Amino acid sequence: MRFRHRAVAGFATLLLPLAGLVGLASPAEAATSATATYAKTQDWGSGFEGKWTVKNTGTTSLSSWTVEWDFPSGTSVTSAWDADVTSSGTHWTAKNKSWNGTLAPGATVSFGFNGAGSGSPANCKLNGGSCDGGTTEPGDSAPSAPGTPAASDITNTSVKLSWSAATDDKGIKNYDVLRDGAKVATVTTTSYSDTGLTAGTDYSYTVQARDTADQTGPVSGARAVRTTGGTTDPPPTGDKVKLGYFTEWGVYGRNYHVKNLVTSGSASKITHINYAFGNVKNGQCTVDDTYAAYDKAYTADQSVSGAADTWDQPLRGNFNQLRQLKAKYPHIKVLYSFGGWTYSGGFGQAAANAAAFAKSCKSVVEDPRWADVFDGIDIDWEYPNACGLTCDTSGPAAFKNLMSALRTEFGPNYLVTAAITADGSSGGKIDAADYGGASQHLDWYNVMTYDYFGAFNAQGPTAPHSPLTSYAGIPQAGFNSADAIAKLKSKGVPSAKLLLGIGFYGRGWTGVTQAAPGGTATGAAPGTYEAGIEDYKVLKNSCPANGTIAGTAYAYCGNNWWSYDTPSTIAGKMSWAKNQGLGGAFFWEFSGDTSNGELVTAINSGLN
């Protein structure tokens, strides 16, 4: 795991004054030749993401569009994209941007928004007429949410679902059944039997109604289902994992030390630390920077314990500081992480003799000087049988074989984990190795759900580096957390063995001329340590977030465009992780947070 990097689009013109709106088109312009449909694409409890889709159903081009609706009191739009959204009381109006107002016959355009509250839109109007294309009837409301589905007749491979009907002013046409967020069936009744499932696997089901005008309403509550059989254990009922990476080199230019976990308040809010990174050389684990790891002397004011290191003590450096941290916070477990972006090139040779590699790793972890410091090992191989900094050709079974050897060597009393790709695309990196088979040997996976997009594509398009879900215009299908988690589940990885990844930094471009995502750029935005990357603690002040998309935030300032997670978007992601039954969350890495640990606090609060 190195610095991970990607972004989210903003809403620079959020809630323009009503005086700035162009007058509404008359009903005669498009009321009989266009429709507007609504869908709630995401719900994280305290808020939601909505999407409107306008379709030209006529035979001539549409030159502009304006969608209006009413929200009940307490429900509001907090940010939006691909439309100018304004309000007057509980009445909301969305008007096309300059670049997406023209619609050819049969064409569609969508705009989205983040909302607060739980209400659904009502009294929809499109260009002054009904959203279902009528000319005289009042606006057609979207259907209500169906009841949360009930599950029965659960077997190894199937489940029967049933739900209470949705309501609509013009009638319900059918229901979409969604499994883990993806539609698996459309039915006209209020029940469905899903078959072809995998034994001993966790699934999440929701239902969404569609009315006679093809408007979709909000999704129902989620029903978790675990099929019978299988070889995996059920998810634990204990506390969620809250894990952070501590970088060995951070003690230099970043001036970030183990004691910062205490002064920031973060130590009391985490459960695990991954110490990064050990190297992999000649097929063996080895300590990388020995000075930082176990030789650097700390003064009394720099030390967790408040005692200064002496010249002749057997252990100093980060390892000794971690020992002191564990004495102060006995609940914290520490894992030694090997590999990362820079050091993954050695894993191919290691996999050729996995047993010897595992023995070398255990000898490092159990070195008598620091044997009490580490509670396990984490492997960050980027990427098995695929390309990262270098390309690996060890084959699809190499990763599983390596994990099996580590578990055999370390036994049941050590934690054995791995940081893995979050490439959910078809034929992508998740498909390149046997992550499902390897999971039986591991306590959990740190799924690196960030760095999807960034200025490594210097000209853009600008896009969120850590999207929770897909969105209209995403540059690469499958490059989002939801798709990655769903794919890993489909490979047989239990939900409780998956941790959602959060980046404590942003990725950004410069030379950008639009606030919305999808813009072009001229290169990487300036960063303190690396172009195109900046810590959250810097960005929150230098380029504050002014919009959200796909569950993460973005900021447009000057000609720079950044995306990063904030306490608010982290709260949404933690709610999603809990709803998915995930084992918790992890983040890269501590030093990107504020001095009072804002982001760690958000993870801890969101998972409690």
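Me: Which element gives the largest share of the lining of the largest pocket?
Reply: In this predicted model, β1 does, with seven residues. Other elements that give two or more residues include β2, β7 and α12. The lining has 43 residues, and K40, T41, Q42, L178 and G181 lie nearest the centre of the pocket. About 1300 Å³ of space lies in it.

Me: How do the lining residues of the largest pocket divide into nonpolar, polar and charged?
Reply: There are 14 nonpolar, 18 polar and eleven charged residues in that lining.

Me: Why is the pair of F48 and F71 called edge-to-face?
Reply: The ring centres are 6.3 Å apart, and a pair needs centres within 6.5 Å. The planes stand at 85°; over 60 degrees counts as edge-to-face, so the label applies to F48 and F71.

Me: What makes this pair a tie between parts of the chain?
Reply: F48 is in strand β2 and F71 in the loop between β3 and β4, so the parts tied together are 23 residues apart in sequence. Both F48 and F71 are buried.

Me: Why does F319 count as buried?
Reply: Its relative accessibility is 0%, and buried means under 20%, so F319 counts as buried.

Me: Where does K40 lie relative to F48?
Reply: K40 lies over the face of F48, 4.9 Å from the ring centre; the distance limit is 6 Å.

Note on methods
Residues are numbered from 1 along each chain as its sequence is written. This is a predicted model: local features need pLDDT of at least 70, side-chain atom pairs count only at pLDDT 80 or more; totals for chains, interfaces and linings use all residues. Side-chain values use heavy atoms; hydrogens and water are left out. On a 1 Å grid over the protein atoms alone, a cavity is a set of points where a 1.4 Å probe fits but cannot get out, and a pocket is an open set with protein on both sides within 12 Å along at least five of seven lines; lining residues have an atom within 4 Å of a point. Grid points are joined across faces, edges and corners, and a volume is the space filled by probe spheres set on the points. Helices (H or I, at least four residues) and strands (E, at least two) are DSSP runs, numbered from the N terminus. Ala, Val, Leu, Ile, Met, Phe, Trp, Tyr, Cys and Pro count as nonpolar, Asp, Glu, Lys and Arg as charged, and the others, Gly among them, as polar. Rings of Phe, Tyr and Trp (its six-membered ring) pair if their centres lie within 6.5 Å; planes under 30 degrees apart count as stacked, over 60 as edge-to-face and the rest as tilted. Buried means under 20% relative accessible area, exposed over 50%, partly exposed in between (1.4 Å probe, protein chains only). A charge sits over a ring if NZ of Lys or CZ of Arg is within 6 Å of the ring centre and within 35 degrees of the ring normal.
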